[in-house]
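Let's take a friendly walk through some charged side-chain pairs. Have the sequence and the 3D view at hand as you read.

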Amino acid sequence: MNARLPTPLTATGLSEADAYGLLEGPPLEALLAEARSLRDQGFGPLITYSRKLFLPLTHLCRDVCHYCTFATTPRHQKAPYMSVEAVLEAARQGAAAGCKEALFTLGEKPELRYRAAREALDALGFPSTTAYLAHVAGRVLEETGLLPHLNPGTLEDSDFAALKPVGPSMGMMLESTATRLCEKGMPHYGSPDKDPQVRLATLDAAGRAAVPFTTGILIGIGETRRERIDTLLAIRASHQRYGHIQEVIVQNFRAKAGTKMVGAPEPSLEELLWTLAVARLIFGPRMSIQAPPNLSPGVLSQLVDAGLNDWGGVSPITPDFVNPEAPWPHLERLAEETAAAGKQLTERLTVYPAYLQASGKWLDPAVAPRVLRAADGAGLARTDDWTPGAVVPPPEKVLQALRRVSPRPRPEITRILDRAEAGERLSEEELVTLFHARGDDFAAICQRADQLRAAHAGSVVRYVVNRNINYTNVCYFKCQFCAFSKGKLAENLRGRPYDLSGEELGRRVAEAWDRGATEVCLQGGIHPEYTGDTYRDILRTVKAAAPAMHIHAFSPLEIWQGAATVNMTVRAYLEMLKKEGLATLPGTAAEILDDEVRAVLCPDKINSAEWLAVMRAAHRAGLRSTATMMFGHVDRYEHWARHLLKIRDLQAETGGFTEFVLLPFVAEEAPIYLKGRARRGPTFREALLAHAVARLALSPLIPNIQCSWVKLGHEGVKAALQAGCNDLGGTLMNETITRAAGAQHGQETGPDAMESLISSLGRSPAQRTTLYEPVSDAHRLRARRAAPLIPLINTPATRYERSKTVEG
């Protein structure tokens with residue numbers, strides 16, 4: 001092969017022949033340029049790191065690597081092992097400092113060499129170091145929430161089986177496959193666990209156990225460049241068999257006082273850069289390539305230019321016990337140096353996103369829920385305590401980013417924003433790119449969305465005085481996100497089963513009218529005894545109580561079910577309801593319009609096509625509707641994008657949607673979250689992006705983007721109103737469904753509070769009707785003089801449905 005740079009295979013990297021061809025050239029700069037390009041294909045603008053706590057469970061080791069200062073003998077240790085109490089105390093400090101990862105590093109099988117280790121394990125009640133590690137890691141996971149990453153060295157199948165329930169990820173440096181490094185006079189002489197075949201067997205055992213695994217090479221210990229390629233190809237071969245290698249570390253040897261290799265030359269920067277670039281070319285764009293930042297101070301931008309995408313674990317409170325002479329860079333300094341290289345530092349978890357997305361295969365059921373709770377929609381780390389519905393202020397870092405002056409987004413982001421501003425239909429890929437945005441990209445997206453808001457909706461922020469009435473919480477569907485509905489054996493959830501009488505329904509409607517409401521929003525569970533006639537009776541009761549009240553009622557699921565029970569087509573049923581007083585439909589039951597998500601979230605509910613069919617029929621019958629998206633649970637960004645595009649396409653066809661409403665998933669009491677199968681809702685950054693991207697994706701077809709004060713809180717909606725929103729929805733009077741899921745932002749935000757909130761942003765408040773028409777002065781006056789609400793009467797449910805008409 002000549003000095004020409006070969007073209008890497010897109011997914012798998014270079015062929016073996018081309019990998020070895022790199023030994024004959026090409027120039028280093030050409031290698032680095034290709035490595036950077038590949039890295040950017042796979043990881044875009046991000047360089048990740050894991051915020052970790054370093055826990056040296058034992059410094060005893062049966063191996064005697066000639067470069068190592070981590071391993072010591074019993075006489076140099078106060079105790080052979082860290083006690084459980086010491087580990088937990090350190091872990092609590094790490095959790096308080098914002099760490100997500102508990103890195104357990106320890107010597108290999110010390111009980112096979114040292115009597116002191118065997119006696120200590122006997123006293124602790126464990127047969128092996130691995131058994132003690134499993135116990136301690138389990139305690140850390142259970143009592144602190146930190147995610148253990150386990151580095152105990154070489155392991156067998158039975159060891160992985162014991163450790164997987166407490167360790168979401170594990171690791172072992174392969175270091176080198178060069179057997180000559182184990183010969184006398186070489187760095188691995190006298191270290192049986194550094195036999196390459198033993199270590200390769202561990203790599204394969206990790207793959208058979210389906211453990212997300214970290215490995216890597218150590219350069220500068222006497223190996224050749226060819227032997228480095230041998231080692232990298234051996235790692236790749238194991239990964240091709242099992243798919244389990246989530247990151248490859250390229251670690252440069254550092255000479256340490258007190259070791260046999262104290263005088264050995266350290267690898268040059270050129271050698272490190274060459275090896276990083278070669279690793280990237282061998283593994284392709286998707287493998288995480290890592291180099292420890294503390295081992296190369298002052299040249300981090302050059303390492304970034306060599307194709308890495310990850311700095312590994314960085315601890316804010318504990319030293320690098322393996323390289324104690326090399327302190328971790330301060331995280332702010334690391335962020336600055338990463339930014340100087342044109343990248344953005346972003347925190348990840350010890351499990352990489354691809355493995356979290358396929359958690360059923362890669363994570364034990366005991367650890368998967370804890371990893372999900374710590375993750376955002378991209379599978380990276382949540383970095384604040386904000387969750388939808390909780391009374392927690394929005395994270396200041398996100399608010400600062402929102403207000404960033406003259407952000408400088410990547411050219412790719414600017415191109416997408418320009419297309420959105422021109423009203424063009426964005427692609428799924430483009431929308432996903434926007435949802436991944438951070439830093440200047442995030443700021444630019446939110447600010448462009450707000451500019452579009454100003455262009456299409458002006459400076460007015462609207463709201464409607466309405467009342468939510470949920471006429472029953474009895475439901476035979478089994479939506480996994482819903483904490484409101486009650487079926488058999490469901491009374492452990494909030495509240496008891498109820499089914500409103502016609503009298504109570506009419507009373508609430510009349511009271512709402514007296515308090516200035518122009519709309520009642522009517523929805524409920526799918527009661528097994530309800531028929532299409534039930535929904536007709538509900539309309540008649542509302543009209544009898546307040547003839548001029550706008551009835552905004554019945555989700556597409558209720559319409560679908562109601563039509564089926566009376567043997568009518570959906571279109572005919574809608575036309576009948578319209579004659580009875582139905583004015584508009586709420587766009588709920590949409591959740592995420594992607595059947596991959598619905599199969600998990602609401603498997604027995606109408607599918608995406610059926611939801612869209614109901615809305616199409618409603619619009620053709622002259623009934624307008626809202627549209628919603630409930631996001632941040634088991635979904636991913638591509639699902640959000642598909643949902644938005646389906647809404648846009650139907651709006652282009654019918655023009656029937658009045659507004660698009662974003663509903664961040666409230667997790668606290670949701671069954672799917674309590675079962676450990678969902679995230680904690682979107683992060684605040686994701687919530688703002690969802691509103692902003694909705695504005696961009698739906699412009700100019702849907703002029704109104706609504707944010708939910710019930711989900712976001714008052715401070716949260718203030719931010720959303722600066723990220724493309726122009727509508728605050730309803731005052732509600734009563735709110736049941738979101739509160740059942742754990743929301744704490746109350747049941748009513750009255751007109752005065754609404755207008756004060758809007759005015760605080762320098763925007764103009766306006767009370768509206770459901771169809772965005774002006775409200776009469778008489779209604780406005782009644783709304784401001786509203787008397788306190790009379791306590792609700794939730795009529796206990798009986799076996800059969802309660803009549804929805806008023807008797808007598």
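In this predicted model, the side chains of E504 and R507 come together in a salt bridge, with N and O 3.0 Å apart. Both residues belong to helix α19 (residues 502-514), where a spacing of three residues puts about one helical turn between them. How buried or exposed is each partner? E504 is buried, at 4% relative accessibility, whereas R507 is partly exposed, at 23%.

R419 and E430 form a salt bridge with an N to O distance of 2.8 Å. Because R419 sits in helix α16 (residues 411-421) and E430 in helix α17 (residues 428-435), this contact ties together parts that are eleven residues apart in sequence. Here the arginine, R419, is partly exposed at 25% relative accessibility, while E430 has a relative accessible area of 17% and is buried. The cut-off explains that label: E430 counts as buried because its 17% falls under the 20% limit.

A further salt bridge joins D537 to R536, their closest N and O atoms lying 3.1 Å apart. D537 is buried too, with a relative accessible area of 16%.

| Salt bridge | N to O distance |
|---|---|
| R419 and E430 | 2.8 Å |
| E504 and R507 | 3.0 Å |
| D537 and R536 | 3.1 Å |

And how many salt bridges are there by this rule? The count comes to 57.

Notes. Residues are numbered from 1 along each chain as its sequence is written. This is a predicted model: local features need pLDDT of at least 70, side-chain atom pairs count only at pLDDT 80 or more; totals for chains, interfaces and linings use all residues. Side-chain values use heavy atoms; hydrogens and water are left out. A salt bridge is a side-chain nitrogen of Lys or Arg within 4 Å of a carboxyl oxygen of Asp or Glu. Helices (H or I, at least four residues) and strands (E, at least two) are DSSP runs, numbered from the N terminus. Buried means under 20% relative accessible area, exposed over 50%, partly exposed in between (1.4 Å probe, protein chains only).
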